[in-house]
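I opened my notebook beside the viewer today and jotted down what I looked up, entry by entry.

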Amino acid sequence: MSSLASALKLENVLYDKKGPIAYVTLNRPKVLNALNRATINELLSAFEDARDDSAVRGVILTGAGEKAFAAGADIAEIANNTAVEAATRRGQALTDLIENLGKPVVAAVNGFALGGGCELAMSCTIRIAAESAKFGQPEVKLGVMPGYGGTQRMPRLVGRGRALKLILSGDIIDAAEAYRIGLVDELEPDAHVIERAETVLRRIIANAPLSVKYALEAVNKGLETSVAEGLLIEASLFAVCASTDDKKEGTSAFLEKRAPKFQGK
């Protein structure tokens, strides 16, 4: 267990930082990284720490082992859970935190991403899938339905019809089909998924931190409103960016033909 995980009292999640990147790894491989209540709480703690640490510029989320990113909720816990709504709201709080972290989160999806695992991936900024990955929302086969944001995020990613087909059938699709319909952004050989996630993240965090933060905010908030209102959000956040020291540094570096040195100010 890393010192960070120990400090945060994490038992089901591995949490580490290497330079500007934080690594969050679901670590219950014997149960395919199933999401029980304790794991959800630990993920919240890890992502809150990453959000609040100014040295962290981005996060990679993945699952331990070769079989699963996260194979959904812990079925035994669901079967005996009388506080289902409270548990659902906790899971929604996690996916909302990830989506609105203010920093890019790349899902490196290995193996099964089902139910809550698929919902976790959908809340990330970018999804990079191993060629062996599988995706689905099979909750209807258990007498429930997606509860961590799947009914809202999947239609926004793949369209209403495709989302309803997956949600209502409970079908599981392979990585190639997930890529074809836009559920994931890239496919990679299994052995290269983390490496590719790091490459993508480093390209993003080479840019101005506040520009990345506000661009994320503009896209996320804009999708919740009309185009006209979204344009107002964009204009407002553009004005904020234009008043930063990083804007002065970025434009000066461009004119002087040198690499910029952004400070996040």
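**Entry 1: a pair in a helix**

I started with Lys221, which forms a salt bridge with Glu217; the closest N and O atoms are 2.9 Å apart. I noted for myself that this is a predicted model, so I am reading computed values throughout. Where do Lys221 and Glu217 lie? I found both in helix H10, residues 209-222, and they sit 4 residues apart, about one turn of the helix. Next I checked the accessibility of each partner. Lys221 has a relative accessible area of 42%, so I wrote it down as partly exposed. Glu217 comes out at 24%, and therefore counts as partly exposed too. As a reminder to myself: side chains of opposite charge can pair when their charged atoms come close.

**Entry 2: other salt bridges**

How many salt bridges does the structure hold? I got 10. One of the pairs I looked up is Asp52 with Arg51, where the closest N and O atoms are 2.8 Å apart. Asp52 is exposed because its relative accessible area is 55%, and the cut-off for exposed is over 50%. Arg51, at 36% relative accessibility, is partly exposed.

I then moved on to Glu256 and Arg258, whose side chains meet in a salt bridge at 2.6 Å, N to O. Arg258 is partly exposed, with a relative accessible area of 34%. I also marked a network of salt bridges that links Lys17, Asp49 and Asp53.

**Entry 3: the sheet**

Here I followed the strands. I found 6 strands in an open sheet, in the order E1-E2-E3-E5-E7-E10, with mixed pairing. Which strands are at the edges? They are strand E1 (13-18) and strand E10 (186-188), each of which pairs on one side only. Neighbouring strands of this sheet are turned against each other by 20 degrees on average, direction ignored.

I zoomed in on one pairing. Strand E5 (residues 105-109) and strand E7 (residues 126-130) run parallel, and 4 bridges join them. I wrote down one residue pair as well: the bridge partner of Ala108 is Ile128 in E7.

Is Val200 buried or exposed? At 11% relative accessibility, Val200 counts as buried, because the cut-off for buried is under 20%. Leaving aside residues up to four places away in sequence, Val200 touches Ile126, Ile128 and Glu186. Ile128 was already in my notes as the bridge partner of Ala108. I also took one distance: Val200 and Thr225 are 25 residues apart in sequence and 29 Å apart in space, C-alpha to C-alpha.

**Entry 4: a covered helix and a nonpolar patch**

I looked at helix H5 (residues 116-123) and found it mostly covered, with 8 of its 8 residues buried. The buried residues in H5 include Cys118, Glu119, Leu120 and Met122.

For a look at the surface, I turned to a nonpolar patch formed by Ile75, Ile78, Leu142 and Val144. Together they have about 330 Å² of accessible area. I picked out Leu142, which is found in the loop between strand E8 (134-136) and helix H6 (150-158). With a relative accessible area of 52%, Leu142 is exposed.

Note on methods:
Residues numbered from 1 in each chain as written. Predicted model: local features only at pLDDT ≥ 70, side-chain atom pairs only at ≥ 80, totals over all residues. Heavy atoms only, no water. Buried < 20%, exposed > 50% of the residue type's maximum accessible area, 1.4 Å probe, protein only. Contact = heavy atoms within 4.5 Å. Patch = residues over 30% accessible without salt bridge, like charges linked within 9 Å, V, L, I, M, F, W, Y side chains within 5 Å. Areas by Shrake-Rupley, 256 points an atom, 1.4 Å probe, with all protein chains shown as cover. Salt bridge = Lys/Arg side-chain N within 4 Å of Asp/Glu carboxyl O. Helix = DSSP H or I, 4+ residues; strand = E, 2+ residues; numbered from the N terminus. Pairing = 2+ DSSP bridges. Axes fitted to C-alpha atoms, helices over the stretch in contact; angles between N-to-C directions.
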